[in-house]
Amino acid sequence: MMPQDQLGRHLRDLRISVTDRCNFRCSYCMPAGQPHPFLPLDCLLSFDEITRITEVLTGLGVTKARLTGGEPLIRPGIEKLVAALADLNGISDLAMITNGYFLPKKAKSLKDAGLHRLTVSLDSLDNRVFRCMNGNLADSQRVLAGIAAAEQAGFSPLKINTVVQRGVNDHTIVDLARYFKDRGHIVRFIEYMDAGTLNGWRMENVVSAAEIVAKIDAVMPLEPIEANYHGEVARRYRYRDGSGEMGIIASVTQPFCGACNRLRLSADGRLYTCLFARQGLNIRELLRRNNSDDDLASIFMATWQNRTDHYSETRDKTSPHFQEKIEMHYIGG
Ligand code: SAM
Ligand code: SF4
Ligand code: SF4
């Protein structure tokens, strides 16, 4: 049976964080100078455990899996996990989101392992702006080299994720949109979110989806197009000259909780029903207590059926969620 949660939503999409560590310190995610206590390595789920959980979840409706982190490409041997997940019958869409730094070395082996799709995060082509956003740890040229390696390996079109922050990179978004439009990739501009507790988020720093679209439309005219499927997070737009499309993820100004069909598995084996959750169900304990697949399926089913999350629709500052949200690099974006 395909479970529905308390708001009538079905489960479809699993985000799997394979590590909480990262080689960048993006100001909106793991700001430099803040403490980021990492999980001990022996707490991480093994690839066999992740594969088993995913397989059980396919029985409850999951068809889409996305590997994330932290930075997924710093988990040694990640291609083995990709291969195991690609082999699962129920998974028809297997994707990864990465900061791109290690793609020059990894893109081909990911393709060979069976990864279907790649999203690369890049906040600006302007190197000074980009370094300012990533903790001064990488050049935009390095990510562009990763993107070139991904193209060469056959991952085209790519999705490019760009978080937009007022006064930080908003003056560079038109150049970035044009650059990737001309190369056939799909940029998705993301409204800066109040994820975690460390980034000092303020509403004034958010550039709304409406502003982003207006800025790009003024130079490269756009028109909205239909979602690819129910529950698609990005609102899609087509360039009127027929040269491609872009998207906006408007989690702050136009929340999409009503269609949210995502479950998140953290690197240490906790299952979260919302990006802004405080607590997750400890699956690692369950696995190591010799529960059968049927036992696990019943527990996952009950977790989904009890789900009431809709944080972005309320953004309630008095809610305990507001003070104690889990950090983004721990749960995955
Ligand atoms: N390290 C990989 C990367 O950056 O692509 C994967 C993990 S990262 C947490 C996943 C996505 O979340 C990235 O596209 C990142 O830009 C986005 N993200 C992180 N913090 C965010 C925030 N506060 N608001 C909006 N998006 C955020
Ligand atoms: Fe690392 Fe991705 Fe977070 Fe940036 S957004 S710090 S690359 S996990
Ligand atoms: Fe889904 Fe939670 Fe985001 Fe709403 S706030 S879309 S329920 S993850």
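Reader: Which residues surround ligand 2?
Author: In this predicted model, ligand 2 has C22, F24, C26, Y28, C29, M30, G70 and N99 around it.

Reader: What makes up that shell by class?
Author: Six residues are nonpolar, two are polar and none is charged. Cys, Phe, Tyr and Met count as nonpolar, and Gly counts as polar.

Reader: Which residues surround ligand 3?
Author: The shell holds F256, C257, C260, R262, R264, C274, L275, F276, R307, D309, Y311 and S312. Two elements give two or more residues each: β10 (262-265) and α10 (311-314).

Reader: How many residues of the shell around ligand 3 are charged?
Author: Four are charged, seven are nonpolar and one is polar. Arg and Asp count as charged.

Reader: Why is the pair F276 and Y311 called stacked?
Author: Planes under 30 degrees apart count as stacked. The planes of F276 and Y311 are 25 degrees apart, and the centres 4.3 Å. So the pair is stacked. F276 sits in the loop between β11 (270-272) and β12 (281-282), Y311 in helix α10, 35 residues apart. Both F276 and Y311 are buried.

Reader: What makes Y101 and F102 an edge-to-face pair?
Author: Ring centres must lie within 6.5 Å, and planes over 60 degrees apart count as edge-to-face. Here the centres are 5.1 Å apart, with 75 degrees between the planes. The pair therefore passes both cut-offs. Y101 and F102 also belong to one aromatic cluster with F24 and F130.

Reader: Why is F102 called buried, but Y101 partly exposed?
Author: Buried means under 20% relative accessible area, exposed over 50%, partly exposed in between. F102 has 19%, so F102 is buried. Y101 has 23%, so Y101 is partly exposed.

Reader: How do you know that D5 is buried?
Author: The relative accessibility of D5 is 5%. The cut-off is under 20%, so D5 counts as buried. D5 lies in the segment before β1 (13-17).

Reader: What makes the link between D5 and R307 a polar contact?
Author: The N or O atoms of such a pair must lie within 3.5 Å. The side chains of D5 and R307 are joined at 2.9 Å. The side chain of D5 also makes a polar contact with that of R9, at 2.6 Å.

Reader: Which residues touch the most other members of the largest nonpolar core?
Author: They are F189 and I216, in a core of 106 residues. Helix α5 (residues 140-153) gives the largest share, six residues. F189 touches I216 itself, and its other contacts include V164, L176 and M246.

Key
Residues numbered from 1 in each chain as written. Chains lettered and ligands numbered in written order. Predicted model: local features only at pLDDT ≥ 70, side-chain atom pairs only at ≥ 80, totals over all residues. Heavy atoms only, no water. Near = heavy atom within 4 Å. Helix = DSSP H or I, 4+ residues; strand = E, 2+ residues; numbered from the N terminus. Core = buried A, V, L, I, M, F, W, Y, C linked by side-chain atoms within 4.5 Å. Buried < 20%, exposed > 50% of the residue type's maximum accessible area, 1.4 Å probe, protein only. Contact = heavy atoms within 4.5 Å. Polar contact = N/O pair within 3.5 Å; in protein donor to acceptor, adjacent residues only side chain to side chain. Phe/Tyr/Trp six-rings, centres within 6.5 Å; stacked < 30°, edge-to-face > 60°. Lists of a residue's contacts leave out its neighbours within four places in sequence.
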